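Reader: I would like a close look at one part of this structure. Please take one chain, and show me how its pieces meet and how it meets a neighbour.

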Amino acid sequence: MRLPSFNYLEPITLTDALNLMEEYHGRAQPLAGGTELLPRMKLGLTHPTYLMSLKEIHELKGIKSNKNELYIGGMTSLREIFLSTLLQQKFLAISEAAGSVAAPPLRNMGTIAGNLCQDTRCFFYNQSYFWRRGLKPCFKAGGNVCYAVPGSKKCFSVYQGDLAPALIAFNAKVRIEKKGSSRIIPIEELFSGKGEKPIVIADDELLTQVIVPIPEGIYGSSYRKFRLRNALDYPLVSAAAFLAIDSEKKVKSVKVVLGAAGPAPVIVKEAEDILKGKKVEESAINEIAEAAYKRAQMVDNLGLPASYRKKMVRVFTKRAIENAFNSIK
Amino acid sequence: MKLDRKIVEIGRIIPRIDAFNKVRGLEKYASDYHSKDMIWVGVKRAGIPHARLKKIKIDKAKHLKGVIDVLTHKDVKGTNRQGVVRKDQPVLVDDKIRYAGDAVALVLAKDKKVLMHALSLIAIDYEPLPLIFDAEKAINDKKNLVHEDNPDGNVLLHGKIETGKGNKAFSECDLVVEASFEVPYQEHAYLETEAGWAILDSDGMLTITVSTQTPFRDRSEVAEALGLDIKKVRIIAPYCGGAFGGKDGITVQTLLGLAALTVPGKPVKIWLNREESFISSVKRHQARLYYKLGAKKDGKLHALDVRFFYDTGPYDHLGGVVMALGLEHSGGPYHIPNTNLKGWVVYTNNPIGGAFRAFGVPQVTFAMEQMVDMVAKRLNLSPLEIRLRNVIKKGDKIPIGTTMLSSTGITDCLNILKQHPLWKERERWKRDAPIFKKRGVGIASIMHAMGYGPVVPDYANAKIELTEDGKFRIFCGVVDMGQGNINSYMQIAANILNQDIDNIELILPDTEKTLSSGSSSASRTTYTFGNALIDASKTLKEYILNRVADLIMAKSIDEFTMVPGKIIHLPTGKSFLLKEITKFLNDSERIVTKHYRAPVSKELVSIDERLRLHGIPHLIFSFVSHLAYVEIDELTGEVEVKKYLSITDSGKIINPQILEQQIHGAIAQGLGYAIYEDFVVEDGKAKTLDFSTYIIPTAMDLPDIESINVELHESSGPFGMKGAGEINTNGPLPAVANGVADALDIRIFRSPLTGERILMALKEKKEMSN
Amino acid sequence: MKIRFILNGETKVIDVEADRRVIDVIREDLGLTGTKEACGRGECGSCTILVDGSPKLSCLMLAAQLEGREIITIEGIKKDSDMHPIQEAFIKHGAVQCGFCTPGMVLVSFDLLKRNKKPSRDEIREAISGNLCRCTGYQKIVDAIEAAAKREL
């Protein structure tokens with residue numbers, strides 16, 4: 001499949017990139033790994049006038065850390081994140097999430113910033129021009145109908161990024177920069193919760209870095225992903241769990257986050273109340289899984305029926321918590 | 001390179017000749033043709049499933065800069081119709097749109113960018129017609145028709161066969177089991193999408209190089225549809241990047257021809273993208289099947305009633321033949337004295353149902369093999385025991401009432417399975433299931449016919465030449481779509497002529513150079529062409545030896561032996577180089593052509609003439625028994641196949657590696673069909689148009705497969721072999737379904753066996769028991 | 001725009017539009033048709049090439065991104081002899097049927113064996129999991145890669 005025409009920009013410093021973002025305000029689409037953007041362009045879902053590759057900006061690549069925080073450059077490849085021993089040892093869920101994306105060649109190309117900023121998806125939207133022809137545009141395509149939930153007033157597309165739930169479980173933040181300024185926000189604030197435009201970044205801004213606080217004490221984490229095949233597929237449901245315990249094995253803090261359960265990652269806020277101060281027992285895990293089940297927003301817009309995917313929320317929430325607990329050393 | 005290609009005994013591994021180029025990226029497939037002056041050709045597809053065509057608006061596209069021409073049905077000079085059996089498919093739509101993939105217009109452009117733009121500028125005026133999408137219901141619909149001129153309405157072909165007392169025999173049964181089944185479309189998903197390259201030269205010769213299984217049939221179809229003299233059409237068929245039945249017949253050939261006629265002297269190219277391939281190509285028929293099976297207390301199957309409906313979409317393609325083969329195999333490899341078998345293949349506005357490896361048999365096997373297990377369970381017999389008591393032996397009548405006369409190894413296949421550790425240790429393996437997992441073991445037994453059946457001649461013409469430099473050149477008319485038959489031909493010739501494989505050359509199918517030898521399909525390529533080639537090679541050898549004997553005044557050709565590159569006169573020890581001998585032979589001695597036609601069944605019993613025309617009955621069958629170790633996640637319902645065993649009787653083996661490739665590949669496609677693959681169509685519109693929604697297994701989704709061969713000698717086959725390309729496709733779906741039933745005590749009647757369906761069935765079972 | 005890069009050991013300077021895909025440049029402009037296209041969306045791995053040594057999908061790369069890179073395609077993987085040991089192993093172990101996935105498979109195995117001298121069968125399956133094959137069921141491909149790993153590479 002061919003690409004539609006565009007102009008190509010390739011800054012080699014972050015400063016240049018931010019200048020260009022300002023100059024082309026709204027018309028320059030940042031290009032990271034291209035594994036998600038280019039297929040959308042081929043389907044005619046987006047038509048950027050300028051494509052700005054960030055691949056040559058070396059300052060955006062690499063993993064660093066100090067005593068308190070881990071820093072991952074926005075253009076760091078998913079492969080590097082997956083293979084990092086530091087992440088495997090201290091941030092297992094993030095490593096597992098990176099390792100679960102697609103397949104090796106795509107992980108070589110895909111980046112953490114690109115993975116976080118990926119668009120929401122829907123069976124009725126991620127289709128070609130040929131397929132959509134003759135249909136009125138849906139909410140996400142700028143129209144006012146929804147094919148997944150006929151009669152609804154909003155878009156029900158799904159955020160299927162793998163990294164975000166795992167990063168949120170670790171209370172990670174992102175640095176967002178524009179010419180002359182920079183801000184740091186918790187990752188959950190990156191998401192609007194609206195399928196039409198799921199990512200909240202201004203037209204002149206770039207996501208340049210992911211910052212993960214290094215947890216103290218004894219903890220474990222896990223990312224569990226439900227998909228049909230053992231490779232390639234986007235998650236149909238996923239769950240990330242972070243669990244810190246004290247010396248008496250009582251939970252100090254817990255965070256459970258769902259992926260592919262709505263237009264943004266879903267934080268299961270009940271987890272803290274249910275588990276904090278208590279030992280990890282099956283009844284409590286079940287209770288969190290039930291809360292997760294209630295929070296998940298599923299409609300029939302991916303490869304499997306919503307009712308089945310919703311059931312899988314329970315299963316995968318439990319698996320994530322159990323695995324997080326078992327990973328505590 | 002240390003690979004040994006010198007040992008040419010039959011039954012030994014000779015590394016595939018085609019692999020040497022393929023592995024280096026040097027093999028030139030149809031999609032690889034390219035030149036600076038070429039013209040890109042694209043197809044405007046209908047996009048709607050059923051409508052009367054009013055007007056095609058091409059002006060805007062035609063005037064776009066870079067567009068060379070835009071063609072519609074008005075530009076087609078011939079019949080504008082194509083089809084293997086019934087010529088019912090237009091090259092470019094002229095009266096009605098019958099499915100979303102119909103070709104409406106053709107654009108020729110200087111590059112792909114212009115082409116895409118031009119295609120989007122073409123508008124179609126049409127009057128929508130009511131949709132026909134349920135094959136079973138469409139049978140009785142006399143008002144809404146896909147083809148108004150079809151004498152049987154929406155029924156393309158109906159077949160019925162009754163044997164013994166038919167349904168009356170159910171009253172004699174001790175138990176009767178009934179069930180209905182559904183299977184979806186399966187997409188071939190060959191990696192090389194439909195592609196071709198064509199040019200009309202100054203002599204008026206139209207040459208089409210195309211990814212096809214059927215060059216000679218294509219030539220006739222192109223000539224007829226486009227109104228050309230068949231002598232002015234040439235089809236060249238390189239190695240295909242996969243086909244599996246999906247390139248059995250016209251894909252882009254006529255469109256390429258039409259485009260090339262418009263721009264004489266310029267090469268034109270079509271290469272469908274994945275989505276267009278999925279929209280327009282043929283699929284394995286989706287089907288609904290109703291089964292009723294009766295047995296006696298002693299475990300003998302006694303009566304079978306079958307009704308099934310195959311959805312063939314808008315065009316025949318090979319739908320009638322596919323249905324007939326399904327009907328012939330609907331009772332499996334069992335001796336059932338009383339049967340009543342009915343099949344319908346029906347026109348709808350869904351995607352085209354056509355040829356796909358195993359050709360109508362996987363659908364009925366899904367049903368029949370589960371029925372047999374259900375009967376076994378009621379009788380408290382093991383699935384293996386009931387099969388051993390009922391499978392056919394040579395001389396038995398098969399369920400359509402004809403006699404099994406070929407080598408019949410199904411009992412051997414089952415006996416090997418019975419002694420195999422995977423069968424013997426199954427209970428222990430099941431007990432060792434991890435927490436939240438359930439394990440089951442399923443088996444299936446299958447027969448599969450080879451060749452075209454009693455009426456359409458199943459022939460091949462092999463030509464072999466002693467070249468001027470003393471080598472042997474085979475002219476091969478049957479396509480190698482990836483299965484490696486080419487290599488087997490070289491191995492056969494090398495063996496007979498006692499040559500190193502390097503002394504054998506091969507010309508790939510080309511209607512100008514090679515001879516018509518039928519399609520690369522029906523598990524018949526090695527059998528039919530192989531037999532012709534054996535004859536040709538032996539005759540050539542005899543000519544050469546006779547010539548030498550005459551030259552040196554030897555007593556007889558028995559005094560000679562042929563060795564690589566030369567001939568030795570044994571009494572004197574003198575040797576004669578083939579490159580010298582060849583000078584003494586004229587062309588009619590150097591080049592030998594032999595024709596072979598496969599034997600057919602002579603039985604006429606209970607088969608009506610239309611079914612005979614569509615291929616029933618067959619004479620030669622292969623057999624397999626399959627075993628699957630399946631593990632089910634109780635919480636997600638997902639099935640994982642942990643181990644897989646196949647025991648095959650496809651006669652003697654020519655090259656064990658190539659045979660095993662066929663076994664593995666067929667099982668992999670069968671497991672995809674069993675667990676993942678579901679080509680979803682709603683209201684005539686396909687919803688699974690890429691590899692993220694139509695999912696085929698990755699390397700992480702398939703088990704290692706163990707394969708064993710029975711190697712019975714089939715006396716009619718080349719070196720005792722018989723067909724092996726398709727049969728193993730049939731086993732995985734029923735074997736896995738039987739494994740699921742073994743693990744969970746539930747039956748899944750609709751494939752694929754998804755986690756969702758399994759959880760649902762478990763829930764129903766729980767509710768029933770409450 | 002003018003682009004300079006190394007293709008299979010040879011420096012190339014070509015003039016291309018920035019928005020062309022790398023696979024088209026390689027196949028159409030440079031005539032190397034060993035790199036295959038089977039989906040065009042990053043879902044099958046047929047178009048895999050090595051970019052600075054690591055496997056990437058050329059259908060999701062833009063011509064402009066070739067600048068300054070070292071590209072190896074299937075045609076360039078051989079070392080001194082006419083075939084790389086992985087290629088020999090693919091032939092010997094029957095890993096090739098229609099051959100359309102083969103170039104991509106060979107290139108990802110090349111990358112795997114560079115990183116991991118003794119991969120397990122599961123590791124091999126993981127490494128080729130982004131490369132779809134419709135003919136083989138993968139088993140003989142895994143056999144071939146396993147065999148290639150046991151030789152000197």
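Author: Start with how chain B is divided. The domain assignment gives chain B domain 1 (17–27 + 459–597), domain 2 (33–129 + 194–271) and domain 3 (283–453 + 604–769). Such bounds come from an automatic or database domain assignment.

A word on the ground rules. This is a predicted model, where local features need pLDDT of at least 70, side-chain atom pairs count only at pLDDT 80 or more, and totals for chains, interfaces and linings use all residues. Residues are numbered from 1 along each chain as its sequence is written, chains are lettered from A and ligands numbered from 1 in the order in which they are written, and side-chain values use heavy atoms, with hydrogens and water left out.

Now look inside chain B. The centres of domain 1 and domain 3 of chain B, taken over C-alpha atoms, lie 38 Å apart. Domain 1 of chain B brings 20 residues to their contact, and domain 3 of chain B brings 19 residues. Contact here means heavy atoms within 4.5 Å. About 1,500 Å² is buried between these two domains of chain B, and carbon and sulfur atoms give 60% of that. Buried area is the accessible area (1.4 Å probe) that two parts lose on being put together, summed over both.

Between domain 1 and domain 3 of chain B, the salt bridge count is zero. A salt bridge needs a side-chain nitrogen of Lys or Arg within 4 Å of a carboxyl oxygen of Asp or Glu. On the domain 1 side of chain B, helix H14 (485–497) and helix H15 (525–552) each supply at least two residues that touch domain 3. H14(B) gives the most, with six residues. Helices (H or I, at least four residues) and strands (E, at least two) are DSSP runs, numbered from the N terminus.

Next, turn to the neighbour, chain C. Here 59 residues from chain B meet 52 residues from chain C. The area buried between chain B and chain C is about 4,500 Å², with 55% from carbon and sulfur atoms. In chain B, B:Val23, B:Leu191 and B:Ala699 lose the most area to chain C, together 16% of what that side buries.

Charges also pair up here. Chain B and chain C share twelve salt bridges. One of them joins C:Lys36 to B:Asp32, with the closest N and O atoms 2.6 Å apart. Helix H1 (17–22), helix H3 (112–121), strand E11 (186–187) and helix H19 (656–675) of chain B each supply at least two residues to the side that touches chain C. H19(B) gives the most to that side, with eight residues.
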